[in-house]
Amino acid sequence: MTDGRNQQRTLVLLRHAKAEQSRDAPDTERPLTARGHADAAAAGAWLARHALLPDLVLCSTARRTRQTWHGVALGMTGSPPEGGPAGSAPVVRYEAVVYEAQPDELLELVRGVAPDTGTILVIAHNPGISLLSAVLDPQRADPEGLRTTDLVVHRPTSPWAALAPGTAPITVRHTARG
(Lines give C-alpha, C1' and ligand atoms only; values in the text may rest on other atoms or scores of the structure.)
Protein backbone atom coordinates (compact mmCIF):
# COMPACT_ATOMS: atom_id res chain seq x y z
CA MET A 1 0.00 0.00 0.00
CA THR A 2 1.05 3.55 -0.62
CA ASP A 3 0.35 6.64 1.39
CA GLY A 4 -1.60 8.17 -1.51
CA ARG A 5 0.59 11.26 -1.96
CA ASN A 6 2.57 10.17 -5.02
CA GLN A 7 0.08 7.71 -6.42
CA GLN A 8 -1.75 8.40 -9.66
CA ARG A 9 -5.47 8.75 -9.07
CA THR A 10 -8.15 8.27 -11.68
CA LEU A 11 -11.80 9.22 -11.34
CA VAL A 12 -14.12 7.80 -14.00
CA LEU A 13 -17.61 9.27 -14.15
CA LEU A 14 -20.30 7.23 -15.91
CA ARG A 15 -23.88 8.22 -16.52
CA HIS A 16 -26.10 5.15 -16.37
CA ALA A 17 -27.10 3.37 -19.60
CA LYS A 18 -30.39 3.91 -21.47
CA ALA A 19 -33.40 3.06 -19.30
CA GLU A 20 -37.02 2.23 -20.05
CA GLN A 21 -39.55 5.02 -19.78
CA SER A 22 -42.25 3.91 -17.34
CA ARG A 23 -45.23 5.59 -15.80
CA ASP A 24 -46.23 2.48 -13.84
CA ALA A 25 -43.11 1.98 -11.70
CA PRO A 26 -41.23 4.40 -9.45
CA ASP A 27 -38.33 6.15 -11.18
CA THR A 28 -35.82 4.25 -9.03
CA GLU A 29 -37.13 0.94 -10.47
CA ARG A 30 -36.78 1.77 -14.17
CA PRO A 31 -34.80 -1.05 -15.87
CA LEU A 32 -32.34 -0.72 -18.72
CA THR A 33 -33.46 -1.18 -22.29
CA ALA A 34 -31.82 -3.83 -24.50
CA ARG A 35 -29.65 -1.06 -25.92
CA GLY A 36 -28.77 0.02 -22.39
CA HIS A 37 -27.52 -3.46 -21.51
CA ALA A 38 -25.40 -3.59 -24.68
CA ASP A 39 -24.02 -0.09 -24.08
CA ALA A 40 -23.10 -0.91 -20.46
CA ALA A 41 -21.12 -3.96 -21.61
CA ALA A 42 -19.43 -1.80 -24.26
CA ALA A 43 -18.47 0.68 -21.52
CA GLY A 44 -16.86 -2.13 -19.53
CA ALA A 45 -14.95 -3.39 -22.56
CA TRP A 46 -13.69 0.15 -23.23
CA LEU A 47 -12.54 0.52 -19.60
CA ALA A 48 -10.68 -2.80 -19.82
CA ARG A 49 -9.02 -1.87 -23.14
CA HIS A 50 -7.79 1.38 -21.61
CA ALA A 51 -6.60 -0.22 -18.33
CA LEU A 52 -9.17 1.77 -16.34
CA LEU A 53 -10.40 -1.06 -14.15
CA PRO A 54 -11.78 0.39 -10.92
CA ASP A 55 -10.58 -0.37 -7.41
CA LEU A 56 -13.80 1.11 -6.04
CA VAL A 57 -17.24 1.58 -7.58
CA LEU A 58 -19.63 4.15 -6.09
CA CYS A 59 -23.05 3.37 -7.56
CA SER A 60 -26.54 4.75 -7.09
CA THR A 61 -29.04 2.28 -5.67
CA ALA A 62 -31.49 2.85 -8.55
CA ARG A 63 -32.17 -0.25 -10.64
CA ARG A 64 -30.79 1.24 -13.87
CA THR A 65 -27.45 2.14 -12.27
CA ARG A 66 -27.12 -1.29 -10.62
CA GLN A 67 -27.88 -2.91 -13.99
CA THR A 68 -25.37 -0.57 -15.65
CA TRP A 69 -22.68 -1.71 -13.19
CA HIS A 70 -23.52 -5.36 -13.86
CA GLY A 71 -23.16 -4.79 -17.62
CA VAL A 72 -19.92 -2.83 -17.16
CA ALA A 73 -18.48 -5.63 -15.02
CA LEU A 74 -19.44 -8.22 -17.66
CA GLY A 75 -17.86 -6.09 -20.36
CA MET A 76 -14.65 -5.64 -18.35
CA THR A 77 -14.15 -9.26 -17.44
CA GLY A 78 -16.44 -11.44 -19.55
CA SER A 79 -17.91 -12.83 -16.31
CA PRO A 80 -20.39 -11.65 -13.66
CA PRO A 81 -19.25 -8.91 -11.23
CA GLU A 82 -18.27 -11.39 -8.50
CA GLY A 83 -15.12 -12.42 -10.39
CA GLY A 84 -12.95 -9.60 -11.65
CA PRO A 85 -9.73 -9.63 -13.66
CA ALA A 86 -7.16 -12.08 -12.30
CA GLY A 87 -9.62 -12.98 -9.55
CA SER A 88 -9.79 -9.47 -8.08
CA ALA A 89 -13.06 -7.61 -8.06
CA PRO A 90 -13.47 -3.95 -7.14
CA VAL A 91 -15.14 -2.95 -3.93
CA VAL A 92 -18.68 -1.88 -4.86
CA ARG A 93 -20.60 0.54 -2.65
CA TYR A 94 -24.25 1.13 -3.48
CA GLU A 95 -25.01 4.58 -2.11
CA ALA A 96 -28.62 5.83 -1.85
CA VAL A 97 -27.42 9.46 -1.73
CA VAL A 98 -26.05 9.12 -5.29
CA TYR A 99 -29.58 8.82 -6.75
CA GLU A 100 -30.41 12.53 -6.51
CA ALA A 101 -26.97 13.78 -5.54
CA GLN A 102 -25.78 17.25 -6.36
CA PRO A 103 -22.10 17.66 -7.32
CA ASP A 104 -21.06 18.67 -3.79
CA GLU A 105 -22.58 15.45 -2.37
CA LEU A 106 -20.79 13.33 -4.98
CA LEU A 107 -17.56 15.21 -4.27
CA GLU A 108 -17.93 14.46 -0.54
CA LEU A 109 -18.36 10.74 -1.28
CA VAL A 110 -15.18 10.71 -3.36
CA ARG A 111 -13.27 12.71 -0.74
CA GLY A 112 -14.14 10.04 1.80
CA VAL A 113 -12.49 7.09 0.03
CA ALA A 114 -9.30 5.49 1.27
CA PRO A 115 -6.24 7.52 0.25
CA ASP A 116 -4.56 4.52 -1.40
CA THR A 117 -7.48 3.91 -3.81
CA GLY A 118 -6.16 4.23 -7.36
CA THR A 119 -9.21 4.25 -9.65
CA ILE A 120 -12.77 5.13 -8.70
CA LEU A 121 -15.78 4.59 -10.96
CA VAL A 122 -18.89 6.63 -10.09
CA ILE A 123 -22.13 5.47 -11.74
CA ALA A 124 -24.81 8.09 -11.30
CA HIS A 125 -27.55 10.24 -12.82
CA ASN A 126 -27.96 13.64 -14.40
CA PRO A 127 -27.80 16.41 -13.55
CA GLY A 128 -25.42 15.56 -10.67
CA ILE A 129 -22.86 13.49 -12.59
CA SER A 130 -22.57 16.07 -15.41
CA LEU A 131 -22.31 18.93 -12.95
CA LEU A 132 -19.59 17.10 -10.99
CA SER A 133 -17.54 16.71 -14.18
CA ALA A 134 -17.96 20.42 -14.90
CA VAL A 135 -16.96 21.38 -11.34
CA LEU A 136 -13.80 19.25 -11.53
CA ASP A 137 -12.73 20.62 -14.93
CA PRO A 138 -14.79 23.64 -15.98
CA GLN A 139 -12.56 24.33 -19.00
CA ARG A 140 -12.91 20.92 -20.68
CA ALA A 141 -16.34 19.74 -19.51
CA ASP A 142 -18.96 19.19 -22.20
CA PRO A 143 -21.45 22.07 -21.85
CA GLU A 144 -24.24 19.67 -22.86
CA GLY A 145 -23.38 17.27 -20.03
CA LEU A 146 -23.12 13.48 -20.08
CA ARG A 147 -25.44 11.44 -22.24
CA THR A 148 -26.40 7.88 -21.36
CA THR A 149 -23.33 5.65 -21.06
CA ASP A 150 -20.93 8.58 -21.39
CA LEU A 151 -17.62 8.04 -19.61
CA VAL A 152 -15.43 10.95 -18.54
CA VAL A 153 -11.96 10.26 -17.13
CA HIS A 154 -10.56 12.80 -14.67
CA ARG A 155 -7.01 12.74 -13.28
CA PRO A 156 -7.01 14.49 -9.88
CA THR A 157 -3.89 16.47 -9.03
CA SER A 158 -4.48 16.15 -5.28
CA PRO A 159 -5.23 13.33 -2.83
CA TRP A 160 -8.87 12.22 -2.72
CA ALA A 161 -9.50 14.00 0.58
CA ALA A 162 -8.39 17.32 -0.96
CA LEU A 163 -10.34 16.98 -4.22
CA ALA A 164 -11.76 20.41 -5.03
CA PRO A 165 -13.30 22.29 -7.94
CA GLY A 166 -10.89 22.66 -10.84
CA THR A 167 -8.40 20.06 -9.54
CA ALA A 168 -9.17 17.04 -11.75
CA PRO A 169 -8.49 17.63 -15.47
CA ILE A 170 -10.43 15.60 -18.01
CA THR A 171 -8.09 13.38 -20.00
CA VAL A 172 -10.58 11.32 -22.03
CA ARG A 173 -14.27 11.22 -22.92
CA HIS A 174 -16.05 8.27 -24.50
CA THR A 175 -19.64 7.41 -25.37
CA ALA A 176 -20.08 3.64 -25.13
CA ARG A 177 -22.37 2.02 -27.66
CA GLY A 178 -22.84 -1.73 -27.96
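**Exercise 1. Find what the buried residues of helix H4 pack against.**

Step 1. This is a predicted model, where local features need pLDDT of at least 70, side-chain atom pairs count only at pLDDT 80 or more, and totals for chains, interfaces and linings use all residues. Residues are numbered from 1 along each chain as its sequence is written, and side-chain values use heavy atoms, with hydrogens and water left out.

Step 2. Locate H4: residues 128–136. Helices (H or I, at least four residues) and strands (E, at least two) are DSSP runs, numbered from the N terminus.

Step 3. List its buried residues (under 20% relative accessible area, 1.4 Å probe, protein chains only). They are Gly 128, Ile 129, Ser 130, Leu 132, Ser 133 and Leu 136.

Step 4. Read off the partners. These residues pack against strands E1 (10–15), E4 (119–124), E5 (150–154) and E6, and against helix H3 (103–111). Contact means heavy atoms within 4.5 Å.

**Exercise 2. Describe how H3 and H4 pack.**

Step 1. Take the axes, lines fitted to C-alpha atoms over the stretch in contact; angles run from 0 to 180 degrees between N-to-C directions. The H3 and H4 axes lie 8 Å apart, at an angle of about 70°.

Step 2. Classify. H3 is therefore roughly perpendicular to H4 (65 to 115 degrees).

Step 3. Name the residues. H3 supplies Pro 103, Leu 106 and Leu 107; H4 supplies Gly 128, Ile 129, Leu 131, Leu 132, Val 135 and Leu 136.

Terms used
Buried means under 20% relative accessible area, exposed over 50%, partly exposed in between (1.4 Å probe, protein chains only). Angles under 35 degrees count as roughly parallel, over 145 as roughly antiparallel, 65 to 115 as roughly perpendicular and the rest as oblique.
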